[in-house]
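Dear colleague,

Please find the structure below, handed over for your reference. A summary of the findings follows it.

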Amino acid sequence: MSGDNFLNGKSYEPLRRLLSDSKISELQAKIRINKNIEDINWDEKTIKLSELEQSSWQPKLLIAIDGDYSKSIIQNGFPGAEIGYITVSTVVILLDKVRELEKEQFIDPKKFRETEEPTSIDSLFVGCNVVLEGEDSAKSSMRKILFNEFQKFRVFNNTETLLDTYEYLLQERATNGRASECPHDNCKEDYEFNVGEYHCKSCNGKLYSTDALRLHELLNSSGTSGEMYGQIKETFKKLQLIHLLRSFEQEPKYFSLLRDIVFFVEGTLAVFSTASWLAKPIRTELERLNSRVNEEFGSNLIVLGIERSGSFVNHFSTIDTMKNGSEHNFPNQSAFLLTNEYIKKHIVFNDSPT
Ligand SMILES: [Zn+2]
């Protein structure tokens, strides 16, 4: 509020700035600085492209998974009523056709579009003050929508649904984690894991297997739920990857394609926030699928996460900048595999040994 900056009609903003300057310097004196990063000789540490064994293998298909969300205020007679629109698109790019087209001097845009086949999960979610008919709150509406969206989506007609994929991962989860609470407001019981729709033994409220993702906990009942839409999108993206892989495995005529596909996921492959327990079952499932592909075809799955922004990208630009400010400190055409130890030391600062 602008009134806060005035005292007896005079602005005390300059005084506040002075105070905060001295407080900032005081705090800065106590902050740990990352000193050892500049000493790394990247020429010694990196793997050069020329040192790698060359492969003649070329993928025929590229499957890219990307997501986005937007939100808007709706008029339903309640203040701040909001809905979120989440899209996770999967684009299949037929690389054989792209290579064919690249040989031509001018690429016909229409033909180029034919090299791509997009499918998408488009879903609407409710946020603050939006309640579906038959539901008692925005939270219960959001939980119902999430379960229904998982149930509706499948990539092929004769293979499992996204819900089946999710429930498979749910069964594989580690059981030693902290139990969350029943999502019903006045119930203090632990949430009971199960598949499908069922009822809480204590309050008899309806539960869904998808409640285990705890995404509803991010719903802000008195403001915008951007964080929740963002995390729903991230969860969809990772589940979609596993869903596609498992669907290819279940459909005999597509299974052999797995040796010719590269999967790209926009963003990190890690899972954060309330659904972070998914990370472990996802990794185990990727390992299982990879060993099946390996047994059958002698090749490995290629799944890449591409980060375009965030801490890792910022860290790269820091190490790529020389002390004199010029770029390309990090040698071209080379790679550096990040260890957990490196990440904790330089990117997501954490002094604990585990
Ligand atoms: Zn309950």
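How many bridges join β4 to strand β9? The count is 5, and the two strands run parallel; β9 covers residues 261–266. Helices (H or I, at least four residues) and strands (E, at least two) are DSSP runs, numbered from the N terminus, and two strands pair if DSSP finds at least two bridges between them.

Please note that this is a predicted model, in which local features need pLDDT of at least 70 and side-chain atom pairs count only at pLDDT 80 or more, while totals for chains, interfaces and linings use all residues. Residues are numbered from 1 along each chain as its sequence is written, and side-chain values use heavy atoms, with hydrogens and water left out.

Helix α3 (residues 95–102) has Leu 95, Val 98 and Leu 101 buried, where buried means under 20% relative accessible area, exposed over 50%, and partly exposed in between (1.4 Å probe, protein chains only). These residues lie on the same side of α3 because they cover an arc of only 120° around the axis, the arc being that of the directions from the helix axis to the C-beta atoms. The buried residues of α3 pack against β4, β5 and α4 (109–113).

**Gln 231**

Gln 231 belongs to helix α7 (residues 226–250) and is buried, at a relative accessible area of 16%. Apart from neighbours within four places in sequence, Gln 231 is in contact (heavy atoms within 4.5 Å) with Leu 215, Leu 218, Phe 272 and Ser 273. Leu 218 is 13 residues from Gln 231 in sequence, and their C-alpha atoms are 8.6 Å apart in space.

**Two asparagines with positive phi**

Most residues other than glycine have a negative phi. Asn 129, although not a glycine, has a positive phi of about 60°. Asn 129 sits in the loop between β6 (116–126) and α5 (138–152) and is partly exposed, with a relative accessible area of 28%. Asn 204 likewise has a positive phi, of about 65°. The loop between β7 (197–199) and β8 (206–208) holds Asn 204, which is exposed at a relative accessible area of 56%.

Yours sincerely
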